[in-house]
2 protein chains.
Amino acid sequence: MTTATPATAPLTVQLGTRSYAIEIVDGPVAKPAAHEAYWSRLLGSLDGPDIALVSNTTLMPRYGEPLGDVLRGIARRVVPVAVADGESYKTSAMLDTIHDAMLEARLDRRSVVVALGGGVVGDVAGFAAATYQRGVRFIQLPTTLLAQVDSSVGGKTGINHRLGKNMIGAFHQPSAVVIDLSTLRTLPPREFAAGLAEVIKYGVALDAAFFEWLDAEMPALLARDPIALAHAIRRSCEIKAMIVGSDERESAERALLNFGHTFGHAIEGATGYGTWLHGEAVAAGMVLASRLSEALGTIDGDVTTRLRALLARAGLPVEAPSLDETEWLRWMSGDKKADAGRLRFVVLDALGRSRVATVPDETLSTVLREPHPA
Amino acid sequence: MTTATPATAPLTVQLGTRSYAIEIVDGPVAKPAAHEAYWSRLLGSLDGPDIALVSNTTLMPRYGEPLGDVLRGIARRVVPVAVADGESYKTSAMLDTIHDAMLEARLDRRSVVVALGGGVVGDVAGFAAATYQRGVRFIQLPTTLLAQVDSSVGGKTGINHRLGKNMIGAFHQPSAVVIDLSTLRTLPPREFAAGLAEVIKYGVALDAAFFEWLDAEMPALLARDPIALAHAIRRSCEIKAMIVGSDERESAERALLNFGHTFGHAIEGATGYGTWLHGEAVAAGMVLASRLSEALGTIDGDVTTRLRALLARAGLPVEAPSLDETEWLRWMSGDKKADAGRLRFVVLDALGRSRVATVPDETLSTVLREPHPA
């Protein structure tokens, strides 16, 4: 039995005048024609006469076109913008594509950008909204588990640059986030697992009770049971909102959300971006971060054992690729959280409790030299 | 005799946690070596280890290089970025040039962008700062009168798009604005006059006493007397700050700053951007806006007569080019302040008092059909 909140209770992200609701629902994105009243209410509350509906070439025919047909009955105009599918296209060229389409349609500053897709579409369409006529509103419709639990909260938008990921961007809060659980039914297993890595991260680094719940309900999650999914997504967003709410721009507390990410970014970079999915790299990175905590003496081996087991059940890799220590260090120091040249890590003080620590070089070496102990 | 505030009293723009000072000074930008203590104090207060010093190819050798030499003794690193000189270069390519240089130098998010130049450099470097790693701090060193009285307050940054001016951008407040009066000594007369148009705008639309002061002190201003200039710039920034402070994003009150601009934008567009300087078009536009107010019966002809005379003494055009009424309407409806297709104008209720009004078509026609009455 799950302890899930009903899928219809919205979660409010508290940000003063920029507060917004995350609605976890079942159907409006995947079957828009059956949910016209839902869209009427949502768009009515925004009073945005025109809509730029941004999606990728895979999702536009599947979800975008039917949704556009419904929105056309509600808004004055719906301008569809299809962009390429894939992280490698998250560039200024994609940003230009969206801006060009909006300007060619002469959309004014009361328009609303609707971002339908995974992290790439959300990040770029959000950045396009942040910078169109110095900022228009946008609605996120995340369709991957990773985007639902990670990008829905925090207001980070942006594009990659040849010299680094997410180097150009802005903080821009959405007006609403609509998470439709039914879009997860067709998500490929590997991408679904990559999303679960971030869900598990919220448990292991920030909420022991949530970790226990995930441990008990992993079979229901893997079966994509909507009630279990609704709770996992809601609790993940709640934890992130709690941390981000008091600290919209990156600093102290927000860093805890990067548990496993310093190692993870190195894995992604060293193996060539795209070889490991971000969530996969974070999974293996969390195991290393847990082992680093052990080496610091703040937790015992039990925590790492339980984390590894849960990640493995979720279908995630738990062993990092073999890299030289110098290679690890090179990729980790490229991480933009590096503070004046010193490496900082999020470490565990207990299951569900973490903090940022500067780690002695010898301790780090111990872990990096033997990434896969027996 | 002038009633100028001493050039050294800073003006604070009140924006809560993003408040900043506008310092009106004489020397630090034009003769930086003699003002090392000034720069030490200013940069010390920011604690930004690295600086991107952005200027154009004309000003970099004149002011940028000597300033860079002084800043290098204070900051950890100074990365100079020279961009092309001219409004036609205010594009995404210029934005990329700045971002590329910052990323190649691996500047981190504690860096500070210093924008040295007129409106183009300020707008693009400010936008680069707004979007570099989701926002770094920036300092404005405006070197034209127009940039000093217009861009110093309001936080508007951005670039042009082939389909419209300033269409892509962000609101991003500077950490400080340093207005060095000595940079005005070498400003070409035509550009100086264009800046005076905006100064006169603050008087005629928002402050009758300031208009009277300008009327009395125009000879001192034209002689570029530093004390008169300091007061004119300070009062202009004060008026703008008063209006923008309560309304950081564009809406009701902020629109009053656009007195003369709807007509002005049409003049700039219809004659081809760059033919008329922005300030010149605003000057002729203000005369039309004043005549429109007369036609509405809210002011008598006296106000227009005084405004025309003051603009003419400042060396500004007071007669719009001959355009068909249809051409006027086409260019005015492209103005991004158009509200749902209806044209709104800032009109005068008296010298120094203005409001936004929707104007009957016949009244507008009367003015447009006879732009130059005897």
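This is a predicted model: local features need pLDDT of at least 70, side-chain atom pairs count only at pLDDT 80 or more; totals for chains, interfaces and linings use all residues.
I count two residues as in contact if their C-beta atoms, placed from the backbone, lie within 7 Å. Residues are numbered from 1 along each chain as its sequence is written, and chains are lettered from A and ligands numbered from 1 in the order in which they are written.

**Entry: the two domains of chain A**

I looked up the domains of chain A, whose bounds come from an automatic or database domain assignment. I got domain 1 (11-186) and domain 2 (190-369). Their centres, taken over C-alpha atoms, are 27 Å apart.

Next I checked where they touch: 24 residues of domain 1 of chain A are in contact with 25 residues of domain 2 of chain A. On the domain 1 side, β1 (11-13), β2 (20-25) and α5 (145-151) of chain A each supply at least two residues. Helices (H or I, at least four residues) and strands (E, at least two) are DSSP runs, numbered from the N terminus. α5(A) gives the most to that side, with 5 residues.

**Entry: chain A against chain B**

How many residues does each chain bring to the contact? I found 24 residues from chain A and 24 residues from chain B. On the chain A side, I noted that α3 (92-104), α4 (119-131), β7 (156-161) and β8 (164-171) each supply at least two residues. Here β8(A) gives the most, with 6 residues.
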